[in-house]
Amino acid sequence: MSKPIVLIAEELSPATVDALGPDFDVINVDGTDRPALLKALATADAILVRSATQVDAEAIAAAPKLKVVARAGVGLDNVDIKAATAAGVMVVNAPTSNVISAAELAIGLIFSTARFIPEANESLKAGAWKRSQFTGVELYEKTIGIIGLGRIGALVAERLAGFGTKLIGYDPYVTPARAEQIGVELATLDEVMERSDFITIHIPKTPETTGMISTEQFAKAKPNLRIVNASRGGIIDEAALYEALKTKRIAGAGLDVFVQEPPKESPLLTLDNIVVTPHLGASTDEAQEKAGVSVAKSVRLALAGDLVPDAVNVAGGNIDASVKPGISLMENMGQVLFGISGGNVTAIEVEVHGEIAVHDVSVLKLAGLKGFYQNQVTDQVSYVNAPLLAEQRGVDVRLTQDTKSDEYRNVTSIKAIHSDGTIASVSGTVIGPKLHQKIVAVNGYEVELAMAENLVLMVYTDRPGIVAIYGKAFAEAKINIAAMQIARQQKGGKALSVITVDSPVAPEVLEQVRVAIEADVMKAISVTIA
């Protein structure tokens, strides 16, 4: 029998080929040569790329045998995940390959802004000797604020602790116990801005974090503040940063990332109190080798039919056929749970009841976590980094299973437990030969409603006229209600409305309805079903 063909479309480390082993025919092609790429894809079982090769819908359509696309790095902007999923092609990346490199670059930027290293280097090479012009500051006994205490933020904290610094941090998803464990005092964002001599940013870019450091935040800062961003461009409002640096409202900045890359004609590049690098967070020999070796191992697993932890779109591997339909359901329920819980939790519990409980259902725990963290980060969440995200936030994760299920053949649940003991929960099942996904309970209220892309959930005191109020508000906002179910636990008590709508509901419309019906909980959750 012929060996599976693995296509390497960009330059990867020799260790990558070694990690693949002798079981494959390895073919090299220039991924930027489009005709050559499409021709080579015709017989490929797997393709390994970095960032230059575009694996779009056309490329996937040209590869009838393709089983896996492997990106030797973190970002997946050059891979059409939707098209790959539709074609049954697994997409994998290397989500933890660059964490040390990224942490070290952030610290390098801190030192560069503190001691004027790039400027002094340029001045001396130009023939000047201006020691007094480059008088800097020590890190010793300074307060350093870390915004984002995930994997990279924790590595930064670990390394900065050795310099005798005072570490404070802001991360709404990290528990005080976890922060204490890594030697960081938790604070609000305003407190971090007010108290810090240095700030380093390590959070994903989301709608909530875009522009979170802007004019209002800089107004609270010390004039000696130096701020570093080696995470994602846009978290710092670049116009506000320019003004703060130009007017000496703050002392300096170090950026590795920008809203537009490369930052053509950015006024930031004209300033002398900023250090800039061209998105070098993952640009080390070690990170590139780790990424290549990691995805090579994933390719081996995928082509052998085993579970691939770094798969970002589908769960492959030796999973019982009766368990597989529950993977997508659990991932979707995890997204709903994040919407109704707010995300800041101390524990997550996954429960599996029914016939499938006789099998290995650990993948359902991974799927639930993957869904829960899907909307907290911009990078692709996978089966391997979802547990890491929980661990970094000090979240205890548990899985229980039993074969008893009273009403349905199988029911899976995911619960989020808050520090005050309150619990948010979602339960669901898969029904019929077409494997329809159903939500069967939310926070203890029994419902039966099809899982959908856009859901609105409301809890309020049950009384006449409520449906008319939100029905009118949604109609005026041109939001079509596709399906609806109301549940209550007792007459005159609290009621839950779960509504399927054809499009997301704007926050201002939700707030209008929340006030009108005096809702206890009001969330709009967008759930994307692959």
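The model is a predicted one, in which local features need pLDDT of at least 70 and side-chain atom pairs count only at pLDDT 80 or more, while totals for chains, interfaces and linings use all residues. Numbering starts from 1 along each chain as its sequence is written, and side-chain values use heavy atoms, with hydrogens and water left out.

As for secondary structure, the chain has 17 helices and 22 strands (DSSP runs numbered from the N terminus: H or I of at least four residues for helices, E of at least two for strands). The radius of gyration, taken over C-alpha atoms, is 25 Å, close to the 24 Å from the globule rule (2.2 Å times the number of residues to the power 0.38) for 530 residues, so the chain is as compact as a globular protein of that length. Its C-alpha atoms fill a box of roughly 80 × 65 × 45 Å along the principal axes. Of the 530 residues, 50% count as buried, meaning under 20% relative accessible area with a 1.4 Å probe, protein chains only.

The axes of α5 (residues 99-115) and α6 (residues 117-125) come within 6 Å and cross at roughly 60°, with axes being lines fitted to C-alpha atoms over the stretch in contact and angles running from 0 to 180 degrees between N-to-C directions. On the α5 side, Phe111, Ser112 and Arg115 meet Ile117, Pro118 and Glu119 of α6.

Notes:
Contact = heavy atoms within 4.5 Å.
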